[in-house]
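Subject: Structure handover

Hi,

Here is the structure I promised to pass on to you. Could you take a look when you have a moment?

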Amino acid sequence: MSSGRDGWSEAPCRRCARTVPVPRAGVCAPCLLAVRLGEDDDWAWGELHDEALAPGRPRQLVLDIEGIALPETRPVRMPQAKSGRRAAIPPWLRARIPDPVRDDPRICPVHVPGQLGLFPTPARQFARTHAARIADRSIPGFEAVAEQLQQMADERRVRARTMWIWRLEGFARLALAARDPDQHQVATEALKDLLYNGPILGQALDRAGFLAPPPPRRVIPPRGTGPTRQGGQRDPELRGQCTHCLAWANDRRVMCAACTSWCHEIRKRGGTDAECDRCHRTLMLSDGMCRMCRIVIAETEVDTAQIAMKNGDQLWFARPHAAGLAVGRLLPGTAALQGRFALKRRRARARAASAPRPSEHLLDPAQLELFPAPPRDWSRLDTTRPPAPTSAAAALVADFTSYMRGRGWSTHSFNGSTRTLRIVTGHLGADVPIQESDIRALASTYPNLHGARVINYLRLRGLLEARPPSDPCTARARHHATAVTHPAFSTAVHTFIDVLLGQGSTSSRARSPKTIENYVVAILDTLKAWIADGLTDPREITKKHIEDALDPLRGDKARRLHTALRSFFRALKRERLVFRDPARAISLTSTRSVPTALPSDRIAGLLDHLDDPRDRLMVALVAIYALLPGQLVHLRRSDLDRSRGRLRLRRAGRLDHVIYLDAFTLRLVTAWELQRHRRWPDSSNPHFFVTRNTAVDDSGPSISASVIQHLFQRVGLPAGRLRVDRIVDEARHSADPVRLMELFGLSNLSATRYVLSAHPDKRHDPITP
């Protein structure tokens with residue numbers, strides 16, 4: 001690139017792409033003339049949008065004849081332009097020029113009052129364009145400075161008064177807007193940012209009272225007074241840092257004043273330079289350590305503010321912010337006993353006295369159990385001062401919280417479970433598996449604590465010592481047996497329960513826990529009445545006693561007591577607790593009801609009153625396929641084959657029964673599966689029907705029978721009556737016992753009884769031919 005006349009140099013023209021002498025604008029003379037005359041709107045459009053133009057654009061030519069000098073600013077033909085004047089900006093271009101910003105927050109941004117600057121303000125250069133961008137900003141003190149500029153213009157008799165004042169007022173705005181927060185005056189150093197307007201504007205600011213006095217002049221210390229390297233050369237990076245305590249003072253002293261006084265006191269006591277036991281530097285020592293190490297040890301001995309560093313030393317500033325250490329009252333092996341270090345020790349002792357201490361009953365995994373300990377009494381727990389949790393216990397509680405949140409539970413819904421886990425692990429620790437009995441005892445003692453989710457979580461993490469499984473029905477039966485006051489009858493009832501469970505002297509098929517509870521409840525009042533009559537042993541019971549007990553009863557009550565007493569004395573006879581069975585020869589005449597159908601108006605619209613897909617499906621399985629409530633409870637997800645429309649019913653001691661679902665029932669099944677997946681997507685319960693409690697229980701329990709009972713109470717029909725109605729209706733249409741056995745899984749006797757109930761005309765007397 002070659003230079004031509006003033007301000008011109010050879011470069012490619014931005015408009016015609018020729019390499020010719022062009023001014024600083026980047027456009028050659030012919031193109032500049034065309035643009036100024038408004039003859040090239042496309043080029044102006046491209047300049048507005050900063051777009052490159054293709055080379056070879058048409059342009060106005062200019063004659064250059066020897067001896068005839070034509071002005072550069074005028075083309076050969078300009079029919080619309082007047083001499084000496086520029087063409088106006090095209091209207092379309094003026095409409096697209098944005099309005100100037102008159103309060104730009106990027107120019108001298110307003111600071112928050114009271115905020116201190118972290119770093120010094122860098123050097124800046126203000127221009128008049130910057131002042132135009134804050135023309136509408138309200139700046140305190142600007143009117144006073146503008147008034148002084150008016151007076152200075154009068155005193156100096158400025159010809160271009162308006163332009164002179166306009167330019168200086170803009171710079172005055174910039175100077176006042178650039179003040180530091182909460183500063184009323186402008187610093188003298190800030191006038192350098194105003195370039196050549198700084199001296200004149202400084203006078204106006206001084207006359208208006210807005211110019212700060214200049215700072216005192218710093219006297220630079222002589223060279224060679226700073227710290228040195230090991231080789232004796234001066235290190236500019238170490239200037240201003242004390243060689244003993246490493247405190248920063250921003251000066252040229254080798255040793256700060258505090259270290260100088262320290263060394264002077266130690267030297268008067270006969271101390272010498274030696275190697276520090278902690279930092280291994282050769283300095284003046286006291287009790288084997290330099291001043292810096294003694295301060296660091298005193299600072300970190302009691303860390304009340306939790307700021308002590310683990311792998312380094314804390315540095316500090318010298319002069320007014322220097323860390324102090326008493327010299328006159330030092331004890332061997334300790335820091336100073338006065339000043340702020342003594343205050344820190346007192347605060348630490350008070351905090352340690354009020355801080356919770358670890359529990360005295362933490363379980364040790366290395367401690368072996370010599371004998372089983374009795375159950376803990378959590379009712380005497382002191383909840384006012386809980387023990388400090390161990391690191392393992394705190395980590396376990398945090399993991400439990402994140403686990404419950406991941407299962408979709410909100411924090412307030414499992415606060416009781418979190419408190420239970422925090423109390424148990426705080427008193428017993430988290431290094432040994434926790435007994436399930438402790439969690440259940442604690443949760444049952446306090447009403448705001450819950451233990452079910454804690455038990456499931458600890459079982460999942462392998463930190464639960466589960467108690468032997470026990471059925472609630474069997475437990476209630478044992479409780480009733482213990483409630484019998486006479487020991488002989490109490491022992492007899494416990495033996496009766498063992499035989500029903502298949503745990504007698506002779507092996508036998510175990511009865512269901514509910515049957516065991518029903519038998520014990522049925523004979524309980526009769527046994528208490530015999531004890532009240534003076535009987536002391538089951539061997540004293542005779543046939544007359546049993547008949548007297550059955551005589552006032554009728555119907556189902558008499559039949560239940562008769563069945564329970566026969567089973568009771570049969571078990572005692574087998575275990576040789578009685579010599580003979582007094583209930584063996586007793587028979588009871590009972591009537592058996594005939595199954596009947598329900599009125600059609602009670603069944604019509606049965607599902608229309610239910611909105612929940614689970615409830616609708618339960619009622620449909622009972623009303624259409626005659627399922628028992630117990631079968632609904634124990635249904636599993638693996639029993640359903642939706643692709644084939646099959647549902648398998650598990651039957652203990654018998655073959656499984658398979659039912660084939662129709663299209664309506666399959667739609668109900670699909671609706672329930674979708675709702676279950678939407679509400680509990682990560683539920684691991686294998687049962688088909690779940691509730692909001694059993695769905696999130698990792699042990700996978702089945703729903704309670706009361707759920708189905710309450711459902712049919714809302715419907716207004718017992719589940720058993722609805723089942724009987726379905727079987728009777730089918731028996732009316734088919735009159736085939738085999739079909740009833742295939743559809744509903746009935747025995748041959750039950751199927752025959754339903755057919756005879758629906759078709760009484762088919763009954764014949766075996767004596768009559």
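A word on conventions first. This is a predicted model, in which local features need pLDDT of at least 70 and side-chain atom pairs count only at pLDDT 80 or more, while totals for chains, interfaces and linings use all residues. Residues are numbered from 1 along each chain as its sequence is written, and side-chain values use heavy atoms, with hydrogens and water left out.

The protein has 27 helices and nine strands (DSSP runs numbered from the N terminus, H or I of at least four residues for helices and E of at least two for strands). Of its 769 residues, 36% are buried (under 20% relative accessible area, 1.4 Å probe, protein chains only). Taking contacts (heavy atoms within 4.5 Å) between residues at least 6 apart in sequence, 60% join residues at least 24 apart.

Three strands form an open, antiparallel sheet in the order E7-E8-E9, where pairing requires at least two DSSP bridges between two strands. E7 (640–641) and E9 (657–660) are the edge strands, each pairing on one side only. E8 (residues 646–649) is joined to E7 by two bridges and to E9 by four. Leu640 stands opposite Leu647 in E8, and Asp641 has Arg646 as its bridge partner. Arg646 also has a bridge partner in E9, namely Tyr660. The E7–E8 hairpin has four residues between its strands, and Gly645 there takes a positive phi near 70 degrees. Which face of E8 is covered, and which is uncovered? Leu647 and Leu649 make up the covered face, with Arg646 and Arg648 on the uncovered one.

Last, the second largest pocket, with a volume of about 1,200 Å³. A pocket here is an open set of points on a 1 Å grid over the protein atoms alone, where a 1.4 Å probe fits, with protein on both sides within 12 Å along at least five of seven lines; lining residues have an atom within 4 Å of a point. There are 36 lining residues, and His361, Leu362, Arg376, His427 and Leu428 lie nearest the centre. Helix H12 (415–428), strand E5 (434–435) and helix H13 (436–445) each supply at least two of the lining residues. By type, the lining divides into 19 nonpolar, six polar and 11 charged residues (charged being Asp, Glu, Lys and Arg; nonpolar Ala, Val, Leu, Ile, Met, Phe, Trp, Tyr, Cys and Pro; polar the others, Gly among them).

Best wishes

Note on methods. Points joined across faces, edges and corners; volume = space filled by probe spheres on them. Buried < 20%, exposed > 50% of the residue type's maximum accessible area, 1.4 Å probe, protein only.
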